[in-house]
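Biologist: I am new to this structure and would like to learn how to read its features one at a time. Could you take me through it?

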Amino acid sequence: MTALHGAPDWYKDVIIYEIPVKSFFDKNHDGVGDFPGLIEKLDYIKDLGVTALWLLPFTDSPLRDDGYDIRDYTTIHPSYGSMDDVRRFIDKAHDLGLRVISELVLNHTSRTHPWFVSAASSRSSPYRDYYVWSDTPEKYRGTRIIFSDTEKSNWTWEPRTRQYYWHRFFHHQPDLNFENPKVQEELLKVVKFWFGLGVDGLRCDAVPYLFEREGTSCENLPETHTFMKRLRAEVDREFPDRMLLAEANQWPQDVLPYFGEGDEFHMAYHFPLMPRLFIAIAKSDNRPIIDILDQTPKIPSACQWAIFLRNHDELTLEMVNDQERDYLWSTYAQDPRMRLNIGIRRRLAPLMQNDRRKIDLMHSLLLTLPGTPILYYGDEIGMGDNVHLGDRNGVRTPMQWSSDKNGGFSRANPSDLYSPVIQNPIYGYQVVNVENQARFPTSPLNTLRQMIAVRQSARLFGRGELHFLHSKNRSILAYFREMGKDVALIINNLSDRAESVTLDLSRYRGYSIVEMFDKTPFPLIARARFHFTLSPYGFFWLSLIPPARTQRNHARAASSASHPERRLIDS
């Protein structure tokens, strides 16, 4: 297998693109995306500018939970291809400079996993203690039910052995028993298998729920951190350039222990930031974003937050209060079919009423706030969703490549597709597709490509400090991103009106300002306070250049002015 080399903390500099293999491109025309199809589209992903791919589960599964119900940790689901296809995919991705992040479902398996099939058949099974059993469903009563709309208990009766088994998610996904050393060994083998195959990172699913203890919430228990420190130590010893990403849907202060002292996870999602981005743009108010980031504790220097706008799950509203949840539901999910669990099952473009200004502004926030950004496949072209499909399938429809049959995703009969392609007049594949947007410099696709290219040219976005600039105008969210002598000033207008703001730039008196997209120079910072006017939902990305570098950068700006294809994102 080919390997990528570079800084051990490479995950701070990447932009991650999330892909369900089944949804991207169908090479063998059976209606399901596959690894050969994904390989064929890697050049598109490379041209988008992202530098890492996160693949949703693709190992063998009955697919009752889209692959998160694992039947075999090391066998590829036949719909997606073979292990040789996976090896070819990893090699081609690495050849293009793309990192590969795969899923590791630690917490549970499918009921059809051979371990559980054996465990449920007899109390004397050698795999009985691979799962959590009880004579009564009254144990661990202080534990919340995560899927409260479909599950009435965390216990399910198994009639063959006349005991209940424990599950934090669907009843067909029994939880593994991490108190059993054999279970820990089995999962460590799985980790080493995939890192040995060449993947660069593992996104570890549902990590707060690995252990249970009476009298607790059965979340974030100390035993979890003991196991994760062991896992991390073995990874560092055998695979020192690999990354572990925690899916811990918790408050930032509760996620902090998952970094340990830099000896547990390299990365973790910042779940509470995401809904507050949607509150901020709906209310034209910067406070939700500032408040949650002010509450976010510092993390070890080698660690990193992962931030996102949308993904394959619902827009989770667990990390907001009741009033905020009601506001988000009434604003973004008036139709009850748009709601799922404690969340909203919609894509970015429909959430933004297909308003290009708002979509671009949300991408500005994603690409410039602290952390490693994650983009969800299809959001770069403004794909829609289908609220008529069950569960979260409405945001997992086929990628729209062209206006051809099935959106260019597959040559199969439309009735054979794993999911219908979006066909409505606003988001249908005849209108929204890669082929159409590639032709136009100002399309959503090409605008985002430009934004990604600028983000990737400045390492401070992935590594720099954040400092908010406060003003009386709460519709403006302004902040410095600083890394050594490199400084960027980001100004976002969260309002649907043109807004003016005066910012205190006294700490950078004497610096020049250069717009980062087309290198347009602004006046020298000769006074403490500087006035900006932004169009509705507009934004500026501005480099602050020290006096010694000003003359050289003015020369570059004059040169770039001769290239008319470069444009200013905000005017």
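Biologist: Why is strand S7 described as largely enclosed by the rest of the structure?

Modeller: In a regular strand the side chains alternate between the two faces of the sheet. Strand S7 (residues 201-205) is largely enclosed because five of its five residues are buried, where buried means under 20% relative accessible area, exposed over 50% and partly exposed in between, with a 1.4 Å probe and protein chains only. Gly201, Arg203 and Asp205 are buried on one side of S7, and Leu202 and Cys204 on the other, so that both faces are covered. Strands (E, at least two residues) and helices (H or I, at least four) are DSSP runs numbered from the N terminus. This is a predicted model, in which local features need pLDDT of at least 70 and side-chain atom pairs count only at pLDDT 80 or more, while totals for chains, interfaces and linings use all residues. Residues are numbered from 1 along each chain as its sequence is written, and side-chain values use heavy atoms, with hydrogens and water left out.

Biologist: Which strands pair with S7?

Modeller: Two strands pair if DSSP finds at least two bridges between them. Strand S3 (residues 99-105) pairs with S7 in the parallel sense over five bridges, and Val105 stands opposite Asp205. Strand S8 (residues 243-246) also runs parallel to S7, joined by four bridges, with Ala246 as the bridge partner of Cys204. From S7 the chain passes through helix H7 (residues 222-238) to S8 in a right-handed β-α-β crossover, meaning that, with the strands pointing away from the viewer, the path from the first strand over the helix to the second runs clockwise.

Biologist: How much confidence does the predictor have in the protein chain?

Modeller: The pLDDT is the predictor's confidence in each residue, from 0 to 100. The protein chain averages 94, and 95% of the residues score at least 70. Over residues 560-571, however, the pLDDT is below 50, although this stretch has 23 contacts in the model beyond near neighbours in sequence, a contact being heavy atoms within 4.5 Å.
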